[in-house]
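Keep the 3D view open as you read.

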Amino acid sequence: MRLNAVYKAGFLLCLAAGCTVNRPGGVHDRPSLVPMRTLNRPPRVAPDRRTASTVVSDPRFAWFLHARAWRPRGGISNRWNAIVIHHSGSRSGNARLFDRHHRRDNGWDELGYHFVIGNGRGSGDGQVEVGPRWIKQKHGAHCKTSDNYYNNHGIGVCLVGDFRTTAPTKAQMEALVRLVRFLMVECRIGAKNVKTHRGVTGKTICPGPKFPFKSFRRMIGPHSGS
């Protein structure tokens, strides 16, 4: 009886200390108390308060986070029929700086583009910044034509950089492809309606000769929701 009492006391002390306990069938550790929903939850991504920008660093959750950041709360309008690619013509910049320039120098009420993709100089390399026009599903101010069709129905995407002399970064192109594929599906836009500023107006070199348009078109593919 004494031996049994000593053994029982030792057993209880071992459990209290969190020791490994021998049980029939093998050795078992005390289980973790982390709830399963915490383990499966995507990582939190802090938005830039100045613009609705999101940097996605974990590819396992990239599509989920992109869709959440790029889909306005009120839904996406059926007005969009095209996507127009631009470059900023500057070595650095971000949505906030371009917004200031468009207000001060152009007299516009806000940033003319719907999205801005950074190059690491002013915002993250490959960071997609969502402009206020996209949040409001409002017409753009990025591609003027005689009928203003591409401002009224075209989604303006600007990559930071001067592609007259340098090419976009790898991260920028990867982000651009993800964004454009998302917009093609959500807005039912075919690849033939993914254009450059120069391709629309013929009056500018934007987005510059260093922008790899042919390879970009191959990367996005022909698919859309239409």
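Is Glu-186 buried, partly exposed or exposed? Glu-186 is partly exposed, with a relative accessible area of 31%. Here buried means under 20% relative accessible area, exposed means over 50%, and partly exposed is in between, using a 1.4 Å probe and protein chains only.

## About the model

This is a predicted model, in which local features need pLDDT of at least 70 and side-chain atom pairs count only at pLDDT 80 or more, while totals for chains, interfaces and linings use all residues. Residues are numbered from 1 along each chain as its sequence is written, and side-chain values use heavy atoms, with hydrogens and water left out.

The structure holds eight salt bridges, each being a side-chain nitrogen of Lys or Arg within 4 Å of a carboxyl oxygen of Asp or Glu. One of them joins the side chains of Glu-186 and Arg-71, at 3.0 Å from N to O. Glu-186 belongs to helix H7 (residues 170-187) and Arg-71 to the loop between helix H3 (62-70) and strand S3 (82-87), so this pair ties together parts that are 115 residues apart in sequence. Helices (H or I, at least four residues) and strands (E, at least two) are DSSP runs, numbered from the N terminus.

As background, side chains of opposite charge can pair when their charged atoms come close.

## A network of charges

Asp-109, Glu-110, Arg-133, Lys-136 and Lys-138 are linked in a network of salt bridges. Within it, the side chains of Asp-109 and Arg-133 meet at 3.0 Å, N to O. Asp-109 sits in the loop between helix H4 (95-106) and strand S4 (115-119), and Arg-133 in helix H5 (residues 132-136), so the pair ties together parts that are 24 residues apart in sequence. Asp-109 is partly exposed at 42% relative accessibility, whereas Arg-133 is buried at 1%.

The side chains of Lys-136 and Glu-110 form another salt bridge, at 2.9 Å from N to O. This pair links distant parts of the chain, with Lys-136 in helix H5 and Glu-110 in the loop between H4 and S4, 26 residues apart. Glu-110 is buried, with a relative accessible area of 4%.

## Val-160 and its contacts

Now turn to the loop between strand S6 (154-159) and H7, where you will find Val-160. At 0% relative accessibility, Val-160 is buried. Setting aside residues up to four places away in sequence, Val-160 touches several others, among them Ser-88, Phe-98, Val-116, Ile-117, Asn-119 and Gln-172. Contact here means heavy atoms within 4.5 Å. Val-160 and Val-116 are 44 residues apart in sequence, and their C-alpha atoms are 7.1 Å apart in space.

## Backbone details

Most residues other than glycine have a negative phi, and most peptide bonds are trans. Gln-137 is not a glycine, but has a positive phi of about 55°. Gln-137 lies in the loop between H5 and helix H6 (149-153) and is buried at 11% relative accessibility.

Arg-188, also not a glycine, has a positive phi of about 55°. Arg-188 is in the loop between H7 and strand S7 (194-196) and is exposed, with a relative accessible area of 55%. Finally, the peptide bond from Cys-206 to Pro-207 is cis, with omega near 10°; Pro-207 is in the loop between helix H8 (197-201) and helix H9 (213-220).
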